[in-house]
Amino acid sequence: MSCNCMIPIKNNYDIEIIQGDYASFDFILTDQNDVALSNVESVIFTCKRLATQIELTKIDDTQYGLLIDGNTTQAFEAGNYSYDITVKFKNNQFKTAIYDGVLTILKKENVVNESS
């Protein structure tokens, strides 16, 4: 499912997700000179406290999308968590691109009435 509503993540690594909602975030990953990283095999989102590991989707040489479906976010308990974004290179080396980012899961309060 794509809604073309991906939120860009640049300097502020805080993420907010509402329980039960589809979430998508765009991560820009480059070196210090704003050049695309080479030899990237995969980019991985991890949140230990939520027991979640998701491989990001490559959009282009610098952009990677984190997509989380509503069934997954519905199972998340409301609260504050930390997450990492880790790059796995083709030579089997790992580099943590974002360490200890803030992930907030918001309790679903309002719902759409389908009969209106």
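Helices (H or I, at least four residues) and strands (E, at least two) are DSSP runs, numbered from the N terminus. With that settled, here are my notes.

1. **Ground rules.** This is a predicted model, in which local features need pLDDT of at least 70 and side-chain atom pairs count only at pLDDT 80 or more, while totals for chains, interfaces and linings use all residues. Residues are numbered from 1 along each chain as its sequence is written, and side-chain values use heavy atoms, with hydrogens and water left out.

2. **The sheet.** An open sheet of 5 strands runs in the order β2-β9-β8-β4-β5, with mixed pairing. (Two strands pair if DSSP finds at least two bridges between them.) At the edges are β2 and β5 (52–55), each of which pairs on one side only. On average, neighbouring strands here are turned by 30 degrees against each other, direction ignored; the axes behind this value are lines fitted to C-alpha atoms, for helices over the stretch in contact, and angles run from 0 to 180 degrees between N-to-C directions. Strands β2 and β9 run parallel and are joined by 4 bridges. Ile17, for instance, has Ile105 in β9 as its bridge partner.

3. **The core.** The largest nonpolar core holds 25 residues. Such a core is a set of buried Ala, Val, Leu, Ile, Met, Phe, Trp, Tyr and Cys residues joined through side-chain atoms within 4.5 Å. Buried means under 20% relative accessible area, exposed over 50%, and partly exposed in between (1.4 Å probe, protein chains only). Phe27, Phe45, Leu66, Tyr83 and Leu103 have the most contacts inside this core. At least two of its residues come from each of β2 (15–18), β3 (23–28), β4 (40–47), β7 (63–68), β8 (79–89) and β9 (94–106). The largest share, 5 residues, is supplied by β8.

4. **Salt bridges.** I would look at these next: the structure holds 3 salt bridges, each a side-chain nitrogen of Lys or Arg within 4 Å of a carboxyl oxygen of Asp or Glu. Lys108 pairs with Asp21, their closest N and O atoms being 2.9 Å apart. Lys108 lies in the segment after β9 and Asp21 in the loop between β2 and β3, so this pair ties together parts that are 87 residues apart in sequence. Lys108 is partly exposed at 35% relative accessibility, and Asp21 is partly exposed at 24%.

5. **The other two pairs.** Lys88 and Glu41 form a salt bridge at 3.4 Å, N to O. Because Lys88 lies in strand β8 and Glu41 in strand β4, the pair ties together parts that are 47 residues apart in sequence. Lys88 counts as buried at 19% relative accessibility, whereas Glu41 is partly exposed at 41%. The side chains of Lys58 and Asp61 also meet in a salt bridge, at 3.6 Å, N to O.

6. **Positive phi.** Asn92, in the loop between β8 and β9, has a phi near 70 degrees and is exposed, with a relative accessible area of 51%. Asp100 has a positive phi of about 60 degrees; Asp100 sits within strand β9 and is partly exposed at 44%.

7. **Thr86.** What is Thr86 in contact with, leaving aside its neighbours within four places in sequence? Its contacts (heavy atoms within 4.5 Å) are Ser42, Val43, Ile44, Phe94, Lys95, Thr96 and Ala97. Thr86 belongs to strand β8 and counts as buried, at 16% relative accessibility.
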